[in-house]
Amino acid sequence: MSWMLIATPPLRSVEQFDAVTADAGTPDGMEGRWCGRTENGDLRVVTLWTSREDAERFLSERLGPAFARLLGPEPAGRPEVLGLEVLRSWVPTPVG
């Protein structure tokens with residue numbers, strides 16, 4: 001079953017996001033990732049995974065250590081993460 005994560009990372013800039021994701025590498029099971037900014041300036045990251053297990057493995061084995069390497073062992077604020085089981089999805093079919 002597909003799994004989606006919506007996260008508020010302890011990052012202040014897109015450049016920090018780019019550095020952390022580059023350090024963490026390309027994860028197995030990730031089908032897509034989007035980063036945006038809310039009206040109050042907070043970053044939000046949405047990821048789509050083939051499974052909850054793939055997402056949890058990436059968070060614990062690769063993303064957490066990347067945060068620690070680049071931002072220190074205790075970055076300002078803990079990331080807030082909401083996990084959702086994907087029940088329905090829609091993707092437009094390309095023409096041609």
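Which helix holds both Glu-56 and Arg-52, and how many residues apart are they? I started the notebook with this pair. Both residues lie in helix H2, 4 residues apart, or about one turn of the helix. The model I am reading is a predicted one.

**Entry 1**

I looked up the side chains of Glu-56 and Arg-52 and found them joined in a salt bridge, with 2.8 Å from N to O. Glu-56 is partly exposed at a relative accessible area of 40%, and Arg-52 is partly exposed at 42%. An α-helix has 3.6 residues a turn, so residues three or four places apart point the same way.

I then checked Arg-57 and Asp-54, whose side chains also meet in a salt bridge, at 2.4 Å from N to O. Because Arg-57 and Asp-54 are 3 residues apart in H2, about one helical turn separates them. Is Asp-54 buried or exposed? Asp-54 has a relative accessible area of 13%, which is under the 20% limit, so I list Asp-54 as buried. Arg-57, at 38% relative accessibility, counts as partly exposed.

**Entry 2. Salt bridges elsewhere**

I ran the search over the whole structure, and it returned 4 salt bridges. One of them joins Asp-42 to Arg-12, with the closest N and O atoms 3.4 Å apart. I noted Asp-42 as partly exposed, with a relative accessible area of 21%. Arg-12 is exposed, with 59%. Side chains of opposite charge can pair when their charged atoms come close.

**Entry 3. Overall layout**

I counted 2 helices and 4 strands in the secondary structure. From the N terminus on, the elements run β-α-β-β-α-β. Along the principal axes, the C-alpha atoms fill a box of roughly 45 × 30 × 25 Å. The protein has 96 residues, and 28% of them are buried. I also looked at contacts between residues at least 6 apart in sequence: 71% of these join residues at least 24 apart.

**Entry 4. The sheet**

What is the order of the strands in the open sheet? I read it as S2-S3-S1-S4, a sheet of 4 strands with antiparallel pairing. Strand S2 (30–37) and strand S4 (80–85) stand at the edges; each has a single partner strand, so one side of each is left without a neighbour in the sheet. The twist averages 15° from one strand to the next.

I went through two of the pairings. S2 and S3 run antiparallel and are joined by 7 bridges. In this pairing, Arg-33 stands opposite Thr-47 in S3. S2 and S3 form a hairpin with 5 residues between them, and Gly-41 in the turn has a positive phi of about 95°. S1 and S4 also run antiparallel, with 6 bridges joining them. Leu-5 stands opposite Gly-83 in S4.

**Entry 5. Thr-8**

I placed Thr-8 in strand S1, which covers residues 3–8. Why does Thr-8 count as buried? Its relative accessibility is 19%, and the limit for buried is under 20%, so Thr-8 falls on the buried side. The side chain of Thr-8 makes a polar contact of 3.2 Å with the side chain of Arg-44.

**Entry 6. Helices on the sheet**

I found helix H1 (residues 14–24) lying across S2 and strand S3 (43–49), and running at about 160° to S2. Helix H2 (residues 52–71) packs on the sheet and touches S1 and S3, its direction making about 35° with that of S1.

Where does H2 bend? I located the bend at Leu-59, and it is about 40°. I listed the buried residues of H2 as Asp-54, Ala-55, Phe-58, Leu-63, Ala-66 and Phe-67. Asp-54 in this list also belongs to the salt bridge with Arg-57 from Entry 1. The buried residues of H2 pack against S1, H1 and S3. After H2 comes Gly-72, and I noted its positive phi, near 95°.

How values were computed:
Residues are numbered from 1 along each chain as its sequence is written. This is a predicted model: local features need pLDDT of at least 70, side-chain atom pairs count only at pLDDT 80 or more; totals for chains, interfaces and linings use all residues. Side-chain values use heavy atoms; hydrogens and water are left out. Buried means under 20% relative accessible area, exposed over 50%, partly exposed in between (1.4 Å probe, protein chains only). A polar contact is a pair of N or O atoms within 3.5 Å; within protein, one must be able to donate a hydrogen and the other to accept it, and residues adjacent in sequence count only if both atoms are side-chain atoms. Two strands pair if DSSP finds at least two bridges between them. Axes are lines fitted to C-alpha atoms, for helices over the stretch in contact, and angles run from 0 to 180 degrees between N-to-C directions. Contact means heavy atoms within 4.5 Å. The bend at a residue is the angle between axes fitted to the seven residues ending there and the seven starting there.
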